[in-house]
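Subject: Structure for you to look at

Hello,

Here is the structure I promised to pass on. Please open it first, then read my notes below.

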2 protein chains.
Amino acid sequence: MAANKKVRTQPPYELLYWPGIPGRGEFIRLAFEAAGVSYKDVANESEDGVKHILELISQDSTGDSDGNPPTFAPPALRIPGEGKDGKALVIYQTPSILSYLGDKIGLAGDGEAEKAWILSHTLTALDLNNEAHDTHHPIASSKYYEDQKEESLKKAKDFRESRIPKFLGFFERVLKGNQEQGNGKYLVGSKLSYADTTVWHVLSGLEFAFPQELKARKGDYELLFGTFYESVKEQSGLKEYLASDRRKPFSMGVFRHYPELDRQSTS
Amino acid sequence: MAANKKVRTQPPYELLYWPGIPGRGEFIRLAFEAAGVSYKDVANESEDGVKHILELISQDSTGDSDGNPPTFAPPALRIPGEGKDGKALVIYQTPSILSYLGDKIGLAGDGEAEKAWILSHTLTALDLNNEAHDTHHPIASSKYYEDQKEESLKKAKDFRESRIPKFLGFFERVLKGNQEQGNGKYLVGSKLSYADTTVWHVLSGLEFAFPQELKARKGDYELLFGTFYESVKEQSGLKEYLASDRRKPFSMGVFRHYPELDRQSTS
């Protein structure tokens, strides 16, 4: 009943992203799932879904017939009825999609200040996400890992030793500064936002890709791993999603587990 | 007279960014200059300005006494009077600052769709900006270029051969898709937006860092370099700024001219 109501009252959101992996599409999925808002995950839900993604990012496209500009890379969000003259609106770039959706699905906090901070923290988590990707592709994203393995070993060392503590320490401080309102459970204000789901997913990816490193460091960030990380995954909507087969396992996407790139000893 | 009026009617915006270089602060400066909105460039305008930046990003900070969260990295924007209970609001992350300012200073287009696309294109230009940075720091942003020069040569080769044409081709297609409204001068709609100033600055940085590569490629992107690039720098506000000493020259920031990283022959 509740689910039917959602379908009727929300626009028919369509997520356009590669099938089979969490990737950057996962940040959009988590926002919808946390908000309890239905969406169509086009490439995962249709046989020829990947065709839509390839069309979307065609190098010949100057935009679609609904007046939308070309898309640089997935994810994109298509919203029938919300574009020009009642046509479909298409938005690309993860933070832009989340910023657009935030208000509409109740994940952008209260007021202008919270809205801005939620976007800021999200961008910071996505920077960390990009840096995690670059540990296995420091030279060229279009080439194989095996062809840039030497450089990856160096990049991953710096990432583990300098970047991970810098980012984790930052999010720990954000939680601490918001502790009175957020109780360590929310980065901004007193309720869940898309900054929380975004930071949470990046942490889960780091745990997959760098399990030894995270094991050694988790204890340093009490609020982040002791409270926040455990709390977000228990949120209504997210809990059910994470237990479902809609949550794709990490494999060979942004987060990859190459043991040689992880910490070699936890002693 | 007009300048005085601006000071009285706009909040006293304060840009917090490293002095002496364009860097990521330049995207905020260009937006203010293009809009004709006054702002204080704190570190460039005061003797001990850099102290404010160091305070802002202190690794001990859990936020300021006005209730703002900590800042991960500059730039940040401080707006006295716009925070909680009339205190100062502080926002960090370039796209978050531009998104906040866009509507207020008239650089975010008309309507929700244009607003979203302007943020999307801006994020894409900032991705290109980051990739340009990584050509001279592919392994560790905290180490010297000289200590990662071998890797930089490889990274820069891929950047020049794969990434530059991918991004420039994309922006050319955006301009083409919007040609009816934008005449090749604007990426979205029929007037200047912060996407235009952001893409423009990245192009100017690429010209500084990779002059041979750009010289060889410019002809392939007729709208981007034939119309857009020349038009944006003539916009009222920007033209005066670019001729002033407020526009800092590129040097050793995001965009650096290492001849060995550029194309070695234009034949």
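**The core**

This is a predicted model. Its largest nonpolar core has 160 residues, and A:Leu206 and B:Leu206 touch the most other members. Take B:Leu206 as the example. Beyond its neighbours within four places in sequence, B:Leu206 is in contact with B:Leu128, B:Ala132, B:Phe159, B:Ile164, B:Leu168, B:Pro211, B:Leu214 and B:Phe255. In soluble globular proteins, nonpolar side chains tend to be buried together.

**Where the chains meet**

How many residues does each chain bring to the contact? Chain A gives 53 residues and chain B gives 53 residues. About 4,600 Å² is buried between chain A and chain B. Carbon and sulfur atoms give 55% of that area. On the chain A side, look at A:Phe72, A:Trp117 and A:Arg173. They supply 17% of the area that chain A buries against chain B, more than any other three residues.

**A pocket lined by both chains**

The second largest pocket has a volume of about 470 Å³. Its lining counts 24 residues. Nearest its centre lie A:Ser99, A:Lys115, B:Ser99, B:Asp103 and B:Lys115. Helices H5 (94-104) and H6 (111-136) of chain A each supply at least two lining residues, and so do helices H5 (94-104) and H6 (111-136) of chain B. By class, the lining of this pocket holds 10 nonpolar, six polar and eight charged residues.

Rolling a probe the size of a water molecule over the atoms shows where empty space is left. A search of the whole structure turned up four cavities of 30 Å³ or more. Two of them are set out here.

- The largest cavity has a volume of about 60 Å³. Its lining is B:Ile21, B:Pro22, B:Gly23, B:Asn129, B:His201, B:Phe250, B:Ser251, B:Met252, B:Gly253, B:Val254 and B:Phe255. That makes six nonpolar, five polar and no charged residues.
- The second largest cavity has a volume of about 50 Å³. It is lined by A:Ile21, A:Pro22, A:Gly23, A:Asn129, A:His201, A:Phe250, A:Ser251, A:Gly253, A:Val254 and A:Phe255. Here the classes are five nonpolar, five polar and no charged residues.

B:Phe255 links two of these topics: it is in contact with B:Leu206, and it lines the largest cavity.

**Helices to look at**

Start with helix H2 (residues 25-35) of chain A. It is mostly covered, with 10 of its 11 residues buried. Among the buried ones are A:Glu26, A:Arg29 and A:Glu33. A:Phe27, A:Ile28, A:Leu30 and A:Phe32 are also on that list. Just after H2(A), A:Gly36 takes a positive phi of about 70°.

Next, helix H11 (residues 222-232) of chain B. Its buried residues are B:Leu223, B:Leu224, B:Phe225, B:Phe228, B:Tyr229, B:Ser231 and B:Val232. What covers them includes helices H7 (149-177), H8 (179-182), H9 (194-209), H10 (211-217) and H12 (238-243) of chain B.

Then helix H12 (residues 238-243) of chain A, which holds A:Glu240. Is A:Glu240 buried or partly exposed? A:Glu240 has a relative accessible area of 48%, so it counts as partly exposed. A:Glu240 sits 86 residues from A:Lys154 in sequence, and their C-alpha atoms are 39 Å apart in space.

**Backbone points to check**

Most residues other than glycine have a negative phi, and most peptide bonds are trans. These spots depart from that.

- The peptide bond from A:Pro74 to A:Pro75 is cis, with omega near 5°. A:Pro75 is in the loop between helix H4 (49-56) and strand S3 (76-79) of chain A.
- The peptide bond from B:Pro74 to B:Pro75 is cis too, with omega near 10°. B:Pro75 is in the loop between helix H4 (49-56) and strand S3 (76-79) of chain B.
- A:Gln93 has a positive phi, near 80°, and is not a glycine. It lies in the loop between strand S4 (89-92) and H5 of chain A. A:Gln93 counts as buried because its relative accessibility is 12%.
- B:Asp85, also not a glycine, has a positive phi of about 50°. Its place is the loop between S3 and strand S4 (89-92) of chain B. B:Asp85 counts as exposed because its relative accessibility is 75%.

Best wishes

Technical notes: Residues numbered from 1 in each chain as written. Chains lettered and ligands numbered in written order. Heavy atoms only, no water. 1 Å grid on protein atoms, 1.4 Å probe; cavity = no way out; pocket = protein on both sides within 12 Å on 5 of 7 lines; lining within 4 Å. Points joined across faces, edges and corners; volume = space filled by probe spheres on them. Helix = DSSP H or I, 4+ residues; strand = E, 2+ residues; numbered from the N terminus. Nonpolar A, V, L, I, M, F, W, Y, C, P; charged D, E, K, R; others polar. Core = buried A, V, L, I, M, F, W, Y, C linked by side-chain atoms within 4.5 Å. Buried < 20%, exposed > 50% of the residue type's maximum accessible area, 1.4 Å probe, protein only. Contact = heavy atoms within 4.5 Å. Buried area = accessible area lost by both parts, 1.4 Å probe.
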